[in-house]
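Trainee: Could we go through this model together? I would like to know what stands behind each term.

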Amino acid sequence: MVAVHAIDEIADPRKVVQRIYDGGDRDDRIHHLPSAVTKHFADLFLSASALHQLPSLDVSHPPESYTLGTLVRFRAMIQDTSLQNELYLARLGNDRCGGWGIQPTHLDHDLDGLDPDRLGTASIFWTVSVPAESPWCSAEFSQLDSTSFPVHQSSQPHKFPVPGAPHIGVRVKIYDSADVENLHSTDVVTFVGIASSEPLSIEDDSSPEVPVLHVLCYQVDSAASPTLTNVDTSVRADLIDWISNEALGGDKDAAEWLLLQLASKVHTRAFPLLPPSLTISRFPRPSSTEVIPTLSHVLAELLPQHLLIPLSLDLLNNTPFLPESKGEDLHSGYLQLPHGTAILLTESAIQEGKLLEKGIMNVRAIQDVMNSQTVEYIFPFSSKFTFHTDLSMIVVSEGRKSTLFQTSVNLHLRCSPATPSLYKSKDEIDAPPAEKMAVYRSYIAACKAVSEKVQVTEATSKHIQDDFVRRRQQDGSVTPDELIHLMKVARLLAASRLQDEVTIDVWEQAKELDGRRQVR
């Protein structure tokens with residue numbers, strides 16, 4: 001709950017900023033004001049219950065639905081950190097403070113504005129609605145009501161990763177420099193600030209107005225580990241059954257491999273323990289290239305962030321997948337996504353034709369994510385910078401393997417004779433009750449959290465080594481790469497059972513699971 005004494009903060013946040021300024025040490029209050037403002041508002045609002053009582057900026061509640069000066073929250077992904085910092089008059093006349101959208105008068109400008117003791121610096125970022133966020137997840141952070149305003153039209157649509165998707169783009173200004181260097185592109189952050197607007201460029205009279213948020217406090221979203229106590233072991237089996245029956249034609253092994261995929265995340269890069277990539281091959285072609293696999297609907301129900309990318313030559317040849325700076329403006333691309341996003345790539349629309357230079361670059365970019373969990377940001381003069389990511393990559397292909405990609409795991413789909421359609425609409429899915437769906441979501445999140453902690457005991461390690469030596473003696477074609485692959489499978493199998501240890505039993509079952517995959 002928001003405290004009763006926070007009424008002023010909600011009604012007139014700039015008045016509260018001035019009050020904090022007035023109460024500071026007169027000799028150095030300009031420099032201490034940003035951190036004091038952050039602490040004051042963070043103590044009041046950075047709890048789940050308090051945050052949800054603040055009005056939210058989102059597609060249903062666009063910036064134009066709020067009066068300028070309103071205190072709002074905005075859960076967003078940082079898209080561009082390369083914008084130039086902004087100098088502002090931190091001390092105005094008549095003992096007033098500046099910043100946070102407090103406008104100086106012409107008399108303030110007549111004062112010695114170049115005096116460094118009167119200036120402050122604000123960090124500027126471009127932020128966007130969290131891309132690929134599933135509707136159920138958005139609903140948890142947004143207001144239940146919606147406005148009657150038309151769909152918001154962003155003035156910077158090229159800065160959103162998913163072309164044509166509704167979203168909000170906001171320029172945020174952070175006045176407290178502490179920890180701001182720890183904010184990175186694709187971080188998901190909840191900002192609390194004062195809604196405003198300003199021209200995109202002060203140097204161009206015809207420049208459009210863009211939404212601005214003068215940040216009072218913020219918190220970086222973290223994937224908090226769900227606390228599942230006394231977990232019913234039937235949850236895993238029920239989840240696999242539901243996925244297999246609704247999205248994979250009754251193929252339980254395919255559903256189990258998918259669960260292992262969803263349980264994975266980057267564990268370490270020193271000795272690479274990265275998420276595998278999964279191809280579900282021999283996946284029947286849809287009646288039309290516009291039809292969406294039921295698997296995409298199922299993933300959107302289970303995961304906080306999921307993106308379907310229906311690959312075609314036209315899409316690959318003409319749509320950016322990598323962020324690229326053009327004229328000091330960072331354009332986004334499909335792969336500029338928050339960590340933890342699951343991407344489903346479909347190949348059914350790929351037909352004969354030529355993959356152009358841009359298409360080849362996009363295919364290579366996707367393969368780089370699969371191989372090394374990195375995304376290149378392209379800058380002028382052939383400069384490229386590689387950034388770490390953590391994306392789950394799933395491919396469905398009607399062939400024996402992916403047409404374009406080399407994935408860690410290739411699984412031939414085996415549908416049962418009386419299989420339901422693999423292309424049911426969302427409304428046709430037999431979804432479990434809301435309470436059970438919430439348990440499924442928490443279970444997958446818990447598996448992902450456990451996957452970072454899975455260890456191999458000394459006894460199990462010796463068993464695996466002896467087993468590998470024995471297999472090589474029996475079959476000289478067995479390679480160390482196969483051992484590494486099986487070790488990854490065993491770790492994920494343990495995590496999918498919420499076990500933080502690879503036991504001998506888990507190792508043997510991982511071999512069986514992978515053996516069944518290979519003989520398909």
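Mentor: Gladly; here is how the terms apply, one by one.

Mentor: This is a predicted model, where local features need pLDDT of at least 70, side-chain atom pairs count only at pLDDT 80 or more, and totals for chains, interfaces and linings use all residues. Residues are numbered from 1 along each chain as its sequence is written, and side-chain values use heavy atoms, with hydrogens and water left out.

Trainee: What makes Arg282 partly exposed?

Mentor: Buried means under 20% relative accessible area and exposed over 50%, with partly exposed in between (1.4 Å probe, protein chains only). Arg282 has 39%, so it is partly exposed. Of the 520 residues of the chain, 49% count as buried.

Trainee: Where is Arg282, and which residues does Arg282 touch?

Mentor: Arg282 sits in the loop between strand S9 (277-281) and helix H9 (294-302); helices (H or I, at least four residues) and strands (E, at least two) are DSSP runs, numbered from the N terminus. Contact means heavy atoms within 4.5 Å. Leaving out residues up to four places away in sequence, Arg282 touches Ser397, Glu398, Gly399, Arg400, His412 and Leu413.

Trainee: How do you know at what angle H7 and H9 pack?

Mentor: Axes are lines fitted to C-alpha atoms, for helices over the stretch in contact, and angles run from 0 to 180 degrees between N-to-C directions. On that scale, helix H7 (residues 234-247) and H9 pack at about 145°, with axes 9 Å apart. Leu239, Trp242, Ile243, Glu246 and Ala247 in H7 meet Thr294, Leu295, Val298 and Leu302 in H9.

Trainee: What makes up this contact of H7 with H9?

Mentor: Its residues divide into 7 nonpolar, 1 polar and 1 charged. Ala, Val, Leu, Ile, Met, Phe, Trp, Tyr, Cys and Pro count as nonpolar, Asp, Glu, Lys and Arg as charged, and the others, Gly among them, as polar.
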